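Let's take a walk through this structure together, one site at a time. Keep the sequence and the 3D view side by side as you read.

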Amino acid sequence: MNKFLIIPSILSANFCYLGHDIKTMIRAGCDLIHFDVMDNHYVPNLTMGPCILKSIKDNKIKVLFDVHLMASPVDSLIPLFFNLNVKFITIHPESTNHLDKTIQLIKKIGCSVGIALNPATSLHHLDYIIEKIDLILIMSVNPGFGGQIFLSYILKKIQHVRYLINKKKKSIILSVDGGINLSNIVKIIQSGADYVVIGSTIFHSQDYLKTIKALKDIAIL
Ligand code: DX5
Ligand code: ZN
């Protein structure tokens, strides 16, 4: 995987104009949108659910979603994302008692599987499942809120996961989520990220298109 991609996180979008903001992302060339689902239990915040993806689909906005489930229990939520233009469903190993079964549930609805690792979560969680997954999401903030500061010690973890992936024959996407901006994106890509999930840097800027262009220009090595 060589091509790095910017994945906008709509947690920081203007929810009054969500459809408009997503269309702007598509115009910027972003055809995968990060969708943060928070339940006020696994994380201390409450956000969006599948009914929003249904509205987007019903309104014929053609885009794919990268659904990041920060919810526990998580198994009962997974089937609700069936047939809603979801490419990836990413879950946290700590949010389920039976990780293998949860991975099977995601595959059963035709989605690719992502595993999210919190800053302090050990890579050992990957030991017995790495062959079964499509994406690893390294959290560079503690999950729950947009606009937090990137934890710089996570750069080492990104490098470590890059090394683990390169040892595998199967291609697995390495995505990084949290606190990414114009000053740190280069280090993150150089450490081995394929995808960078970016919320507030894009949606709190005056001109989304200009900001995405600036991020791309600076990050193309
Ligand atoms: C944090 C979420 C992130 C968040 C990133 O818990 O998982 O996806 O939206 O937002 P920024 O880029 O503002 O850190
Ligand atoms: Zn996220």
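This is a predicted model: local features need pLDDT of at least 70, side-chain atom pairs count only at pLDDT 80 or more; totals for chains, interfaces and linings use all residues.

Residues are numbered from 1 along each chain as its sequence is written, chains are lettered from A and ligands numbered from 1 in the order in which they are written, and side-chain values use heavy atoms, with hydrogens and water left out.

Let's begin with the metal. Which residues coordinate the zinc ion (ligand 2)? They are His-34 through NE2, Asp-36 through OD, His-68 through ND1 and Asp-177 through OD, at 2.1 to 2.3 Å. Donors here are N, O and S atoms within 2.8 Å of the metal (3.2 Å for Na, K and Ca), and water is not among the atoms, so sites may look incomplete. Along the chain, the donors of the zinc ion (ligand 2) follow the spacing H-x1-D-x31-H-x108-D. Distant parts of the chain are linked by the pair His-68, in strand S3 (residues 64-70), and Asp-177, in strand S7 (residues 173-177), which are 109 residues apart. Helices (H or I, at least four residues) and strands (E, at least two) are DSSP runs, numbered from the N terminus. Both His-68 and Asp-177 are buried; that word means under 20% relative accessible area, with exposed being over 50% and partly exposed in between (1.4 Å probe, protein chains only).

Now turn to ligand 1. Of the 20 residues around ligand 1, the nearest are Ser-9, Gly-144, Gly-147, Asp-177 and Ser-200; a residue is near a molecule or strand if one of its heavy atoms lies within 4 Å of it. Taken alone, ligand 1 exposes 380 Å², and the protein buries 100% of that. Accessible areas come from the Shrake-Rupley method with a 1.4 Å probe; for residues, only the protein chains shown count as cover.

The loop between S3 and strand S4 (86-91) holds Pro-73, and the peptide bond from Ser-72 to Pro-73 is cis, with omega near 0°. Asn-83 is in the loop between S3 and S4 too, with a positive phi near 65°. Asn-85 also has its place there; its phi is near 60°, and its 30% relative accessibility makes it count as partly exposed. For context, most residues other than glycine have a negative phi, and most peptide bonds are trans.

Asp-58 lies in helix H2 (residues 50-58) and, at 45% relative accessibility, counts as partly exposed. A polar contact of 2.7 Å joins its side chain to that of Lys-54. Such a contact is a pair of N or O atoms within 3.5 Å; within protein, one must be able to donate a hydrogen and the other to accept it, and residues adjacent in sequence count only if both atoms are side-chain atoms.

Finally, look inside. Ser-175, in strand S7, is buried, with a relative accessible area of 1%. Beyond its neighbours within four places in sequence, Ser-175 is in contact (heavy atoms within 4.5 Å) with residues including Leu-135 and Tyr-195. Leu-135, in strand S6 (residues 135-139), counts as buried at 0% relative accessibility.
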